[in-house]
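Visitor: I've got a protein model up on my screen and would like a tour. Could you take my questions one at a time?

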Amino acid sequence: GSATHYNAMLNYIYNNGVTSSTNYNYVKTQMDVENFRDYQIIEIFYNNQDWGTNNNRYWRRQVVYTPTAPYGLDGRWRWSLYDLDLSMSDASQDRLSAASEGASNSFAPGFLLARLLQNQTFRNDFINRFADLMNTTFLPNRISQLIEGKRDGISAEIPAHLTRWKTLTDSSTWLTRIASCIKFVQDRPGY
């Protein structure tokens, strides 16, 4: 692939801003803003410590924007989650501020979110979507049940894993880390 299209999009946003609906509508032809919004919300909620300047994955099919094309084939930029092993560690940390710093520097990790948040339509959508997810997908009991289900589903394999890979001496560290994740999701909504 090539960074030419992506850099052109960033330059357009840097030079023109997105506060006007005309400019924002143009940017929506260059990137899937709903995908970007959800990607940002997930990274922020889970407080990924190894993200922003690192572990970013974005892609587009290299075609001219085609609004009638099937999802993912329309030529707009999209983001995907990648490498979340340093997330869920500090429920009280304000990841939103870190993720939205750098509105004046197109090479800053938070440039794109910071600029999009200057558009009132995007800002309202971002806030409403975050609130919707906090009241559904990110509910502490829901995520805790998912974590516990995964734990229970693989717990029988842990002794063989420990014997083969020798990464831990026993399962207590594994269980402690899982308990830490559950505590994170229980505490996170307060921040």
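**Starting from one isoleucine**

Guide: Setting aside its neighbours within four places in sequence, Ile182 is in contact with Ser144, Ile147, Glu148 and Arg151. Keep in mind that this is a predicted model.

Visitor: Which helix does Ile182 lie in, and is Ile182 buried or exposed?

Guide: The cut-off for buried is a relative accessible area under 20%. Ile182 has 16% relative accessibility, so this residue counts as buried. As for its place in the fold, Ile182 lies in helix α9.

Visitor: Which residues of α7 and α9 meet?

Guide: On the α7 side, the list is Pro140, Asn141, Ile143, Ser144, Ile147, Glu148, Arg151 and Ile154. Ile182 has contacts with Ser144, Ile147, Glu148 and Arg151. The α9 side consists of Trp174, Leu175, Ile178, Cys181, Ile182, Val185 and Gln186.

Visitor: How are α7 and α9 oriented to each other?

Guide: Helix α7 covers residues 140-154 and helix α9 covers residues 171-187, and their axes are 8 Å apart. The two pack at an angle of about 165°, and angles over 145 degrees count as roughly antiparallel. The crossing is right-handed. So α7 and α9 are roughly antiparallel.

Visitor: What separation is there between the C-alpha atoms of Ile182 and Trp59?

Guide: Along the chain, Ile182 and Trp59 are 123 residues apart.

Visitor: What does the secondary structure of the protein chain come to?

Guide: From the N terminus on, the elements run α-α-α-β-β-α-α-α-α-α-α. The total is nine helices and two strands.

Visitor: Let's turn to the rings. Why is the pair of Tyr6 and Trp77 called edge-to-face?

Guide: A search of the whole structure finds 14 aromatic pairs. In the pair of Tyr6 and Trp77, the ring centres are 5.1 Å apart. Their planes stand at 80°, and planes over 60 degrees apart count as edge-to-face. So this pair is edge-to-face.

Visitor: Where do Tyr6 and Trp77 sit, and how many residues apart are they?

Guide: Both residues are buried. Tyr6 is in helix α1 (residues 4-16), while Trp77 is in the loop between β1 (57-59) and β2 (78-80). The pair links distant parts of the chain, with a spacing of 71 residues.

Visitor: Which parts of the chain does the pair of Tyr58 and Trp77 tie together?

Guide: Tyr58 and Trp77 make an edge-to-face pair, 5.7 Å centre to centre with 70° between the planes. Trp77 is buried, at a relative accessible area of 6%, whereas Tyr58 counts as partly exposed at 35%. Because the two residues are 19 apart in sequence, the pair ties together strand β1 and the loop between β1 and β2.

Visitor: Which residues form one aromatic cluster with Trp77?

Guide: Tyr6 and Tyr58 belong to that cluster, and each of them pairs edge-to-face with Trp77. The cluster is made up of Tyr6, Phe36, Tyr58, Trp77 and Trp79.

Visitor: Which rings have an arginine over them?

Guide: Arg57 lies over a ring face at 3.7 Å from the ring centre, and that ring is Tyr82. The charged end of Arg78 sits over another residue's ring, 4.3 Å from its centre, and that residue is Tyr71.

Visitor: What is the orientation of α3 to α6?

Guide: Helix α3 spans residues 33-45 and helix α6 spans residues 120-134, with axes 10 Å apart. They pack at an angle of about 50°, and α3 passes α6 in a right-handed crossing. That angle makes α3 oblique to α6.

Visitor: What does Gln40 touch, and is Gln40 buried or exposed?

Guide: Gln40 is in helix α3 and is one of the α3 residues that meet α6. At 5% relative accessibility, Gln40 counts as buried. Not counting residues up to four places away in sequence, Gln40 touches Trp51, Ala99, Leu113 and Phe126.

Visitor: Last one: how are α1 and α2 arranged?

Guide: Residues that meet here include Met9 and Tyr12 in α1 and Tyr26 and Val27 in α2. The axes come within 11 Å and cross at roughly 170°. α1 and α2 are therefore roughly antiparallel.

Note on methods
Residues are numbered from 1 along each chain as its sequence is written. This is a predicted model: local features need pLDDT of at least 70, side-chain atom pairs count only at pLDDT 80 or more; totals for chains, interfaces and linings use all residues. Side-chain values use heavy atoms; hydrogens and water are left out. Rings of Phe, Tyr and Trp (its six-membered ring) pair if their centres lie within 6.5 Å; planes under 30 degrees apart count as stacked, over 60 as edge-to-face and the rest as tilted. Helices (H or I, at least four residues) and strands (E, at least two) are DSSP runs, numbered from the N terminus. Buried means under 20% relative accessible area, exposed over 50%, partly exposed in between (1.4 Å probe, protein chains only). A charge sits over a ring if NZ of Lys or CZ of Arg is within 6 Å of the ring centre and within 35 degrees of the ring normal. Axes are lines fitted to C-alpha atoms, for helices over the stretch in contact, and angles run from 0 to 180 degrees between N-to-C directions. Angles under 35 degrees count as roughly parallel, over 145 as roughly antiparallel, 65 to 115 as roughly perpendicular and the rest as oblique. A crossing is left-handed if the near helix is turned anticlockwise from the far one by less than a right angle, and right-handed if clockwise. Contact means heavy atoms within 4.5 Å.
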